[in-house]
Every structure is written in structure tokens, then in C-alpha cells.
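Take a first look at the structure below. Begin with the ligand, then move on to a pocket and the backbone.

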Amino acid sequence: MNEPIVIVGAGLGGVRIADNLRSGGYEGEIVLLGQESHPPYDRPPLSKAVVTGDADRPDLKPAEFYVDNRIDLRTSSRVVAVDPLAHTVTVESGGATSEVAYGTLVLATGLVARRFPGVDDDVTGVHVIRTIDDALAVRKAASRATSAAVVGAGFIGSEVAASLHALGVPVTLIEPAPTPLAVAIGERMGQMVTRLHREAVDLRTGVGVDEIVARDGAVSSVRLSDGSTVEADLVVVGIGGYPDLDYLEGSGIELAPRESGGGIACNGVGLTSAPDVYALGDAANWTDAHGDHHRVEHWNHVVDQAALLAAELLGHTITHQAVPYFWSDQYGLKIQMLGAPHPDDEVHVAQDDGRKFLAYYSRDGLLTGVIGAGLVGKLMKTRPYLQTPTPVSALLGQ
Ligand SMILES: Cc1cc2nc3c(=O)[nH]c(=O)nc-3n(C[C@H](O)[C@H](O)[C@H](O)COP(=O)(O)OP(=O)(O)OC[C@H]3O[C@@H](n4cnc5c(N)ncnc54)[C@H](O)[C@@H]3O)c2cc1C
């Protein structure tokens, strides 16, 4: 491996790869470049404990970590260009531009939140949540809000709705799909998660947002596609994110086609189309053993990729087989999913008390995934069954 290793993006993926390289025995120089002014922090608490005021900035590591591990963390340093032939990146920092040379380059630049079209930047009361500054702004706005509209009932929108509800703000949650989350977890499971919203917030499904309406520079309402209007002095837009890869323009580094998730095209260990340039995390589109391409936006996926990529760079072998996993916290319950089921897989509900539930997914009789709400221990015990082909009948009746 060539030195130094330069990492672009000081979020979860950037910090994890730096940490794994150092703890794996890499002795060379590591430079970690992040465009935000904050030291690296974790994102899952942003839509949960940060909005509710139960946490402030959830730093990924204490300041000493970077010093002790000789990781040259440079915040407020935005990479604006990559030159794979010269093995350099161009960095803008404090109004100055400089070149940083790399032996190995790792791109971990995450996503930016998608904004609602047609809303002027200077309108107050309209928010997204991707950064700590976004989350603190929502927390502040919530303290004065009389009613909130959350646009989009994906995982982040759902969590924000639950957090605002916990703060006592009346919430209308608007989702164009008939069943929230059905594209990710299937229709039946989507309905079971949706029950949680129905107990707490005004959930409008099968209806889109036509316009976010402002009066005197502040948001006042949201106009829906069925002609109705929702009054709101706080609007949180949770309509997903996209990798902002303008900094790769002209680099020749291949991007994945939109139909396979977009992002930076990588092989099965994160190598891009350019020699010595790797990518991981939400911005990376890795190829699996079947040649399929995936760009995944889950915390554990990034952690697993960082372990694989560090092993690849250090020439180590990984024996541990990761099982895909994600979680979401909503209305006091932890919703978790193990495995990678297809939304059309057969669903077997093993336990359901109206709030907490556990269910298995199967395809051709084999277990493909497990989903649960509020049953953490039980769900986690099923992990070994997903590491080897297991008939779903082995779990049913347990
Ligand atoms: C609000 C929220 C809640 C979430 N909750 C959950 C959850 O409950 N469960 C779960 O499994 N996952 C959750 N996730 C997803 C998880 O946090 C992400 O998968 C993870 O953070 C991705 O890590 P990353 O390193 O790829 O990107 P990020 O963590 O986004 O880090 C990328 C960093 O790169 C920086 N950057 C971008 N471009 C440049 C550039 N050109 N130069 C320098 N720096 C740059 C960005 O500013 C950012 O700081 C949540 C995400 C969000 C936003």
C-alpha cells in the first residue's frame, strides 16, 4: 500500500477506516479531510436524541483519539477535485486552495439531504436533517412550533415525527406511498410499523405535497395533492439524500448508473475505476459476489465495509461473515431488521401484541430476514440462522 492514505469525508466511514487501519497495524501517514467545521460525529442520534434534546453533538471519538492514533484530522477542508494520474486531491480551506498528495485515496463523502423544490433558501421554518447543525436547528424550531408537518415517512422522516411528538408538537406526517416503508420492508410489515404512527400523529398516506407555502418569509402551511392544506409553522422535509459527487468531475472515476443506486462504482472491496482510489459508505456502490450493485444507507453497512476495506488495504483475511443489519427508533420502540429480504418475500409473523412484533421473511422456504419492534434480544438471537441457509420452518414454532 502506498503512503500517505488520504481519506475524504470525516464521517462514520472516514473515521472507521482510519481507526481500522491504525489498529490493524498500518504505521504510515493518515490524513482525514472533512468539509464540516465540527469534529466527526455520528448521525443516527440526529433525528432522535438530538431533536428531543436528550443529546448534543454525538462525537464519534474524543479529541485525543486523533492525536493518539496519529490521524491528521483537518476539518473545514473541502475536497473540490481529484486527479488520479497525479495522485492528488485539491482542498479548499479557509479561502485557500492547496494540493494534497496521496498514495492511497479513500472516498467516504456520504450524502446531502434532498431539498423540497421551489422553496426559497431564506424562508424560515423549512428544514432537512443530515448534519448536526440541521438537527439543532430543528430542535430550536420545535421549541416554538405550534404544529409541524413532516414530508416523507421513510426512516428519517418517521423518526423526526416521533421525536417531535415526544416534544409535544402536534405532527402531520405526509407520505405519497399508500403504506410507509413498504418498498423497503414489504407491505405487511410496513402496515405494522405504520400502526405506531397512527397512535401518535396525523398520518396522511397516498398523498403528495404540491407546495410548501410561506407567508412573510416564514412557512405557514403545506398544500397537498388532494387539495387539502395542513397548517404548520415547522416543516421537516425527509425525502432522502443523494451523493454530491461534483468533486469527481473530470477525474475519470466511474459513477454507477442511477438504476443500480448511483454513487461511486466500486468492486467487491471498494476499489473504484481508478488505481489506488477506494470508496465506502453511503456514497459508494459496491458489487456483490453475484455481480449485483448496491448503494446502502445504513450505519452497520458502513462499519462492515470499513472492516473489509481495511483488511484489503492491509492484506489481511476476513473470516467473519457480516449479516446486514439496520435499526430505527420510533415512539420508544427499537425497530430492527437482520438480513436482506426482498420486499416481496413471504412474511411469517411469529409474535405481535399490537405494538411489539417479530416476523421472519422467507423465499423458497429459506429464511431471508428477520424484523422486529421492541424485541431486541429475541431478534438478535436469530442472527446465526442468517449466516447459513436455514429453512424458515426451523424458526417457526420456537
Ligand atoms: C438523521 C439520520 C439518522 C440516521 N439513523 C440511522 C439509524 O437509525 N440506523 C441506521 O442504520 N442508519 C442511520 N442513518 C444512516 C447512517 O448514519 C449513515 O449510513 C452513515 O452516517 C453513513 O456514513 P458515511 O461515512 O458514508 O457518510 P456521512 O456520515 O454522511 O459522512 C460523510 C462526511 O463527508 C463530508 N464530505 C462530503 N463531501 C466532502 C468533500 N468534498 N470534502 C470533504 N468532506 C466531504 C460530509 O460533510 C460528511 O461529514 C442515519 C442517517 C441520518 C442522516
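This is a predicted model: local features need pLDDT of at least 70, side-chain atom pairs count only at pLDDT 80 or more; totals for chains, interfaces and linings use all residues.

Start at the ligand. How many residues surround the ligand? The count is 34. The closest of them are G13, E36, R43, K48 and R130.

Now look at single contacts.

Which elements give two or more residues to the shell around the ligand? Three are helices: helix 1 (12-23), helix 5 (155-166) and helix 8 (299-314). Strand 4 (78-83) and strand 22 (325-330) complete the list. Two domains share in the shell. Domain 1 (5-111 + 243-314) and domain 2 (114-240) each give at least three residues. Sorted by class, the shell holds 15 nonpolar, 11 polar and 8 charged residues.

Next comes empty space. Rolling a probe the size of a water molecule over the atoms shows where such space is left. The second largest pocket holds about 260 Å³. Its lining includes R114, Y242, L245, L255, R258 and R295. G261, G262 and G263 are also among the lining residues. By class, this lining has 5 nonpolar, 4 polar and 3 charged residues.

Finish with the backbone. Most residues other than glycine have a negative phi. Where does H87 lie? H87 is in the loop between strand 4 and strand 5 (88-93). H87 is not a glycine, yet its phi is positive, at about 55°. D364 sits in the loop between strand 25 (357-363) and strand 26 (366-373). D364 is another residue other than glycine with a positive phi, near 50°.

How values were computed: Residues are numbered from 1 along each chain as its sequence is written. Side-chain values use heavy atoms; hydrogens and water are left out. A residue is near a molecule or strand if one of its heavy atoms lies within 4 Å of it. Helices (H or I, at least four residues) and strands (E, at least two) are DSSP runs, numbered from the N terminus. Ala, Val, Leu, Ile, Met, Phe, Trp, Tyr, Cys and Pro count as nonpolar, Asp, Glu, Lys and Arg as charged, and the others, Gly among them, as polar. Domain bounds come from an automatic or database domain assignment. On a 1 Å grid over the protein atoms alone, a cavity is a set of points where a 1.4 Å probe fits but cannot get out, and a pocket is an open set with protein on both sides within 12 Å along at least five of seven lines; lining residues have an atom within 4 Å of a point. Grid points are joined across faces, edges and corners, and a volume is the space filled by probe spheres set on the points.
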